[in-house]
Structures are given as C-alpha cells and as structure tokens.
Amino acid sequence: MREPRIIPLNGDERVLQLYMAIEQELSAPALGQQAMCLSLVTALFIQILRISNILPKNSQQALFSRKAEQIDKFLKIVEQKFRMRLTIDDYANKMGMTPGHLSRLCRLALGMSSLDVINMRVIQEAQRELVYTSKTIKQLAASLGFTDEAYFTRFFRKHVGVSPKKFRSLAIEQIFQAEEAGPVGCPIPSPQVPEPIS
C-alpha cells in the first residue's frame with residue numbers, strides 16, 4: 001500500500017477557508033448546492049496545486065506524479081478557455097491525449113468527468129457575474145461563449161435548478177438578508193428556494 005502524500009501548507013489560510021466554505025455549504029440544503037460544492041472543491045484542488053508549486057523542485061517531484069501535473073495543466077487550460085465553449089476534443093488535443101483518457105484522468109483525480117469540470121467552472125462564473133454584475137442574461141450568455149440565450153438558460157437551469165434570472169433575484173435577496181443579519185461566510189451565496197407545497 002502506498003503512503004499518502006503530505007503537502008505542507010506553510011501558513012496558507014486559503015485552503016482552510018475553502019474547506020470551511022465547503023463545510024458551510026453542506027450544512028443545510030440550498031439551491032445550487034451541488035454546483036457550488038463542486039466549484040468549491042475544484043477551487044480547493046487548484047489552491048493545493050498552487051501551494052505545491054511553491055515547494056522546491058525536488059520536493060515537488062517527490063510529491064506529485066505525472067497525473068497531478070496533467071490535472072494542473074488541464075485546470076489551467078480550463079481557466080484560460082472556459083468562456084470559449086470548447087469541446088472535450090479541443091481540450092484533449094491541447095493536452096496531447098484522447099478525450100477518453102482526459103475524462104478518466106479527471107475522474108481519478110477530481111472525482112468528476114472533464115466535462116463536469118468545465119461546466120462547473122462556467123456555472124461558477126455565471127453565478128458570480130449574476131450576483132456581482134449588472135449584465136443582462138443575454139450579455140452574460142455571450143460572455144460565456146453561448147450564442148443562444150435560451151440555450152444558456154437551459155444549461156444554467158440544468159446545473160443550478162433555477163433560471164439565471166431567478167438565481168439573481170434570490171441571491172440578491174439573500175445578500176440583503178445577510179447584510180441585515182451579519183457577515184456572510186461564503187463569497188457567493190446559494191439562494192434558498194421555497195419548498196413546494198404538497
């Protein structure tokens with residue numbers, strides 16, 4: 001059995017903050033909870049990879065395998081290109097591997113497919129921009145590489161559970177409520193949707 005790898009945090013508080021945000025997100029059912037948790041877990045993995053790049057080269061080689069380097073490369077490409085709506089084939093070509101190999105690598109290292117990683121990054125950005133910008137849904141869709149506003153709305157609803165317009169209104173309402181109640185622990189709120197009446 002292999003010994004687990006240990007990455008020293010060197011006083012970096014961001015990993016703990018992300019862990020706490022995940023814990024807070026899971027504390028109560030919320031709209032878009034799965035999408036938010038996947039986004040936070042992806043951010044946690046990226047932060048851990050960034051910390052690992054701070055380590056001396058010989059320590060880094062001892063701690064990380066080729067697969068971890070490939071995942072790091074993939075996450076960097078996703079960060080650069082997620083607004084372009086590239087296909088999995090496009091990402092795989094940039095990685096120098098087959099789409100199947102890329103998806104297996106992501107499932108092994110991140111617990112989700114390569115498509116899920118890309119989609120969660122798009123959703124994370126859409127949620128952020130819906131809350132913190134005044135872009136129209138059409139402008140937001142275009143900025144994220146969607147040529148059809150209706151398709152973007154279906155994509156968003158599939159991953160979050162509500163339309164972008166509804167998400168924005170619920171999030172803004174929750175921000176106002178949180179400001180009245182005190183500080184918010186998670187940077188992007190996950191709005192609560194009322195339970196349907198039976």
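This is a predicted model: local features need pLDDT of at least 70, side-chain atom pairs count only at pLDDT 80 or more; totals for chains, interfaces and linings use all residues.
1. A residue counts as buried when its relative accessible area is under 20%. Phe152 has a relative accessible area of 0%, so Phe152 is buried.

2. The rings of Phe146 and Phe152 form an edge-to-face pair, with 5.1 Å centre to centre and 65° between the planes. The label edge-to-face applies because the angle is over 60 degrees.

3. Phe146 has a further partner in Tyr151. Six aromatic pairs are counted in the model. One of them joins Phe146 and Tyr151, whose centres are 5.6 Å apart and whose planes make an angle of 40°, which is a tilted arrangement.

4. Which residues do the ring pairs link into a cluster? The members are Phe146, Tyr151, Phe152, Phe155, Phe156 and Phe167.

5. Phe155, a member of that cluster, also has a charged group over its ring: the charged end of Arg85 sits there, 5.0 Å from the ring centre.

6. A charge over a ring is found at Phe82 as well. Here the charged end belongs to Arg121, and its distance from the centre of the Phe82 ring is 4.2 Å.

Conventions. Residues are numbered from 1 along each chain as its sequence is written. Side-chain values use heavy atoms; hydrogens and water are left out. Rings of Phe, Tyr and Trp (its six-membered ring) pair if their centres lie within 6.5 Å; planes under 30 degrees apart count as stacked, over 60 as edge-to-face and the rest as tilted. Buried means under 20% relative accessible area, exposed over 50%, partly exposed in between (1.4 Å probe, protein chains only). A charge sits over a ring if NZ of Lys or CZ of Arg is within 6 Å of the ring centre and within 35 degrees of the ring normal.
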